[in-house]
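Look over the sequence and the model first, then read on by topic.

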Amino acid sequence: MAPSLSYSTAALCLSILLLLASSVVPSAASFNQDFDITWGDSRAKILDNGDLLTLSLDKTSGSGFQSKNEYLFGKIDMRLKLVPGNSAGTVTAYYLSSQGSTHDEIDFEFLGNLSGDPYTLHTNVYSQGKGDREQQFRLWFDPSADFHAYSILWNPKGIVFSVDGTPVREFKNMESIGVPYPKNQPMNIYSSIWNADEWATRGGLVKTDWTQAPFTTSYANFKADACSWSSGASSCGGSLASGGNTWMSQELDATGIERMKWVHNNHMIYNYCTDAKRFPQGFPPECKATAS
Ligand SMILES: *[C@@H]1O[C@H](CO)[C@@H](O)[C@H](O)[C@H]1NC(C)=O
């Protein structure tokens with residue numbers, strides 16, 4: 001019995017491997033394969049055989065794209081190079097969102113600035129239609145000088161926003177204390193660039209200088225180890241090379257928490273959880289539950 005048992009075990013392993021391989025969401029895939037340009041006509045371009053995507057804004061319009069897939073949990077990486085030079089008044093948004101009035105959303109937004117003045121990285125989390133959870137950062141590099149990685153780890157335990165692998169924000173699943181958590185609504189990935197000079201730069205004081213248009217943000221190296229959702233069924237991948245879908249249970253470890261503290265102590269410029277003026281009746285429950 002022993003030899004045939006191990007033979008069938010091997011066959012079983014092989015078929016599991018094949019099954020896994022077939023449900024893997026393509027990593028290092030092309031923009032043509034994973035995204036649709038949704039608005040802005042020729043202001044949005046997929047270049048270099050699908051390796052590069054650019055979005056532009058001019059006086060007439062901005063532009064945007066969205067993922068073909070919907071995702072329910074995943075580790076999603078993208079590299080962005082933001083509008084260089086005088087980007088004041090422009091906003092580049094890169095986010096995950098579901099549909100409808102009780103939607104969930106996980107946001108990165110980049111608020112442009114005058115040449116030499118720092119961008120603001122704005123983040124937010126919506127659960128079941130409610131956001132108002134802004135945290136803002138100054139990056140420790142110029143995000144328009146080169147491509148940098150912006151990642152979202154989203155699993156049943158929490159959401160971690162990272163920049164070049166450094167965690168900048170964690171939103172834990174705190175359903176146990178009554179905070180709704182995004183876990184039932186699949187989300188698409190979206191990005192767009194638009195003019196927001198009525199509020200974006202120094203609260204709207206600095207206007208977009210249209211003589212500098214078009215304003216262009218570039219995208220590269222999209223990678224999703226994720227559960228993609230189609231017609232009510234989820235198929236979870238994760239490149240086998242990176243150990244299957246370990247991201248599904250990943251949380252910040254002690255080193256990650258230390259690095260996030262460094263970001264919060266040195267690069268955070270706004271945290272709704274410390275904005276007492278805004279919450280005269282007391283901070284939202286998730287603020288009391290987390291140190292920062
Ligand atoms: C732009 O730079 C100014 C001056 O350093 C700063 O006050 C502002 O917060 C920066 N960012 C935005 C988005 O206005």
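## Overview

Of the chain's 292 residues, 35% count as buried. Buried means that 20 or more other C-beta atoms lie within 10 Å of the residue's own; exposed means 12 or fewer, and partly exposed lies in between, with C-beta atoms placed from the backbone. This is a predicted model: local features need pLDDT of at least 70, side-chain atom pairs count only at pLDDT 80 or more, and totals for chains, interfaces and linings use all residues. Residues are numbered from 1 along each chain as its sequence is written.

**Fold content**

- The chain holds four helices and 16 strands. Both are DSSP runs numbered from the N terminus: helices are H or I with at least four residues, strands are E with at least two.
- Among contacts in the chain with a separation of 6 or more, 67% join residues 24 or more positions apart. Two residues are in contact if their C-beta atoms, placed from the backbone, lie within 7 Å.

**The eight-stranded sheet**

- Eight strands make an open sheet with antiparallel pairing, in the order β1-β4-β13-β6-β7-β8-β9-β16. Two strands pair if DSSP finds at least two bridges between them.
- Which strands stand at the edges? They are β1 (35-39) and β16 (268-271); each has a single partner strand, so one side of each is left without a neighbour in the sheet.
- On average, neighbouring strands of this sheet are turned by 15 degrees against each other, direction ignored. Axes are lines fitted to C-alpha atoms, for helices over the stretch in contact, and angles run from 0 to 180 degrees between N-to-C directions.
- Strands β1 and β4 pair antiparallel over four bridges. Trp39 has Gly64 in β4 as its bridge partner.
- Strand β4 is also joined to β13 (residues 188-195) by four bridges, again antiparallel. Here Gly64 has Ser192 in β13 as its bridge partner.
- Side chains in a regular strand alternate between the two faces of the sheet. In β4 (residues 63-67), Ser63, Phe65 and Ser67 form the covered face, while Gly64 and Gln66 form the uncovered one.
- Seven bridges link β6 and β7, which are antiparallel. Thr92 is bridged to Phe110 in β7.

**The β6-β7 loop**

- Ser101 is in the loop between β6 (90-97) and β7 (105-111).
- Is Ser101 buried or exposed? Ser101 is exposed, because 6 other C-beta atoms lie within 10 Å.
- Ser101 and Gln128 are 27 residues apart in sequence, and their C-alpha atoms are 7.8 Å apart in space.

- In soluble globular proteins, nonpolar side chains tend to be buried together.
- The largest nonpolar core has 51 residues, and Met78, Ile152 and Ile159 have the most contacts inside it. Its largest share, six residues, comes from β14. Such a core is a set of buried Ala, Val, Leu, Ile, Met, Phe, Trp, Tyr and Cys residues joined through C-beta atoms within 7 Å.
- Leaving aside neighbours within four places in sequence, Met78 is in contact with Tyr94, Tyr150, Tyr219, Asn221 and Phe222.

**Ligand surroundings**

- Which residues surround the ligand? They are Leu111, Asn113, Asp117, Pro118, Thr120, Ala200, Thr201 and Arg202. A residue counts as near a molecule or strand if its C-beta atom, placed from the backbone, lies within 6 Å of it.
- This shell divides into three nonpolar, three polar and two charged residues. Ala, Val, Leu, Ile, Met, Phe, Trp, Tyr, Cys and Pro count as nonpolar; Asp, Glu, Lys and Arg as charged; the others, Gly among them, as polar.

**Backbone features**

- Most residues other than glycine have a negative phi, and most peptide bonds are trans.
- Arg202 has a positive phi near 45 degrees. Arg202 lies in the loop between β13 and β14, and counts as partly exposed with 13 C-beta neighbours inside 10 Å.
- Pro214 is in the loop between β13 and β14 (215-230). The peptide bond from Ala213 to Pro214 is cis, with omega near 0 degrees.
- Asn221 has a positive phi of about 55 degrees. Asn221 belongs to strand β14, and counts as partly exposed with 13 C-beta neighbours inside 10 Å.
- Strands β11 and β12 form a hairpin with two residues between them, and Asp164 in the turn has a positive phi of about 50 degrees. Six bridges pair β11 (residues 158-163) with β12 (residues 166-172) in the antiparallel sense. Val163 stands opposite Thr166 in β12.
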